[in-house]
Amino acid sequence: MDPLAPNPLWPTGKPPRQGLGLMRLRDPESPGATDPDRDPHRVVQAALDEGITLLDTAEMYGNEELVGRTIAGRRDEVLLCSKFGVVWGESGDFSVQADAATVARSCEASLRRLGVDVIDLYYLHHRSDATPIEETVTAMAELVEAGKVRAIGLSNVTVEDIRRAHTIHPVTALQEQWSVMSDAAEAFLPTLAELGIALVAHSPMAHGHVTVAAPAGVRAALTEPAARLDVTPLQVALAWVHQQRRRHTQPIIPLPGATSIGHLRANVAAASLELSDDELSRIDAIAAGSVDRG
Ligand SMILES: NC(=O)c1ccc[n+]([C@@H]2O[C@H](COP(=O)([O-])OP(=O)(O)OC[C@H]3O[C@@H](n4cnc5c(N)ncnc54)[C@H](OP(=O)(O)O)[C@@H]3O)[C@@H](O)[C@H]2O)c1
């Protein structure tokens, strides 16, 4: 299947260039003391103003009501994504629930918290050992049929899960981590290309730790291009993930998280950075694990 074929979320065949992960978005603890750069409403408005319309949250993040408030009045501009299936326990642990009744109940609850009639892209957040993927995806397909969800996605699953799910209902996106510190997503690419599924590459800056926790070889490969381009090493790390889209010619949508307007704008700029072949090769060596990643 043509990996760039149109689908319900990008009918022109052109997927979004970059999304915004809202996992860390929180209401300010004391509204009077809010840093304007970190006001959640302003962060989301700035994203939409910059053309970043794919916004990603989840039931598990506990912020769907806040996300709903930040997009109120601009709902039509947003490609709204949420996820179900990971449930917090009382002692701070979590479990996976993906049976049909949970799918239906979770979607209703997310729609209510988000204050919307439909979720554009609804993901199973994590594979379940207890529920066959066919049961979960059949229930997700019923949500599409009912007009509550426009497209379905999977996250933290196996290649076999994707194939089994796709026989029940077309899967539009897989969300997996891809950064210079974690190349797990790469193994999915052939299957995604074959089935016409987009990769939403979450945590492309390794949760922001890429330059703090990384060993010297990793830091150097990022800081030298950063100095040349007058940007930060984190922007280079994000630019490297963007570069993968050019290499693989299939839909890859980097999903950095930011709760600061400054970070958001830096990440928008990173999408257009040009890394040289030498710079890319040095970073590739890290990503492939041939340089100690610590
Ligand atoms: N499917 C899954 O299982 C799964 C798992 C994890 C994450 N996700 C998704 O992926 C999104 C991103 O994940 P993530 O936040 O863990 O990782 P990330 O995008 O790699 O890193 C985000 C961290 O880096 C900081 N940051 C962002 N841009 C920056 C910049 N330009 N300069 C300096 N610091 C910057 C952020 O700080 P500020 O917050 O201060 O801006 C935040 O602490 C989440 O929001 C979520 O939507 C999905």
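What share of the contacts in the protein with a separation of 6 or more comes from residues 24 or more positions apart? The share is 75%, where two residues are in contact if their C-beta atoms, placed from the backbone, lie within 7 Å. Before going on, please note that this is a predicted model, in which local features need pLDDT of at least 70, side-chain atom pairs count only at pLDDT 80 or more, and totals for chains, interfaces and linings use all residues. Residues are numbered from 1 along each chain as its sequence is written.

**Whole protein.** Show the C-alpha trace: along its principal axes it spans about 50 × 50 × 45 Å. In cartoon view, look for ten helices and ten strands; these are DSSP runs (helices H or I, at least four residues; strands E, at least two), numbered from the N terminus. Buried residues make up 42% of the 294 residues, buried meaning that 20 or more other C-beta atoms, placed from the backbone, lie within 10 Å of the residue's own.

**The core.** Next, select Leu 55, Tyr 122, Val 180, Ala 201 and Ala 237, the residues with the most contacts inside the largest nonpolar core, which has 75 residues. Such a core is a set of buried Ala, Val, Leu, Ile, Met, Phe, Trp, Tyr and Cys residues joined through C-beta atoms within 7 Å. Helix H8 supplies its largest share, seven residues. Now centre on Val 180: leaving aside neighbours within four places in sequence, its contacts include Ala 206, Val 218, Trp 240 and Ile 286.

**Strand S10.** Select residues 252-255. In a regular strand the side chains alternate between the two faces of the sheet. Here both faces are covered, with Ile 252 and Pro 254 buried on one side and Ile 253 and Leu 255 buried on the other. Val 200 is the residue opposite Ile 253.

**Helix H9 and the ligand.** Move to residues 261-270, helix H9, which gives the most to the shell around the ligand, with three residues. Its buried residues, among them Leu 264 and Val 268, pack against strand S1 (19-21), helix H1 (40-49) and helix H8 (233-248). Finally, select the ligand: of the 26 residues around it, Gly 21, Met 23, His 202, Gly 208 and Gly 257 come nearest, a residue being near if its C-beta atom, placed from the backbone, lies within 6 Å.

How values were computed:
A residue is buried if 20 or more other C-beta atoms lie within 10 Å of its own, exposed if 12 or fewer, and partly exposed in between; C-beta atoms are placed from the backbone. Two strands pair if DSSP finds at least two bridges between them.
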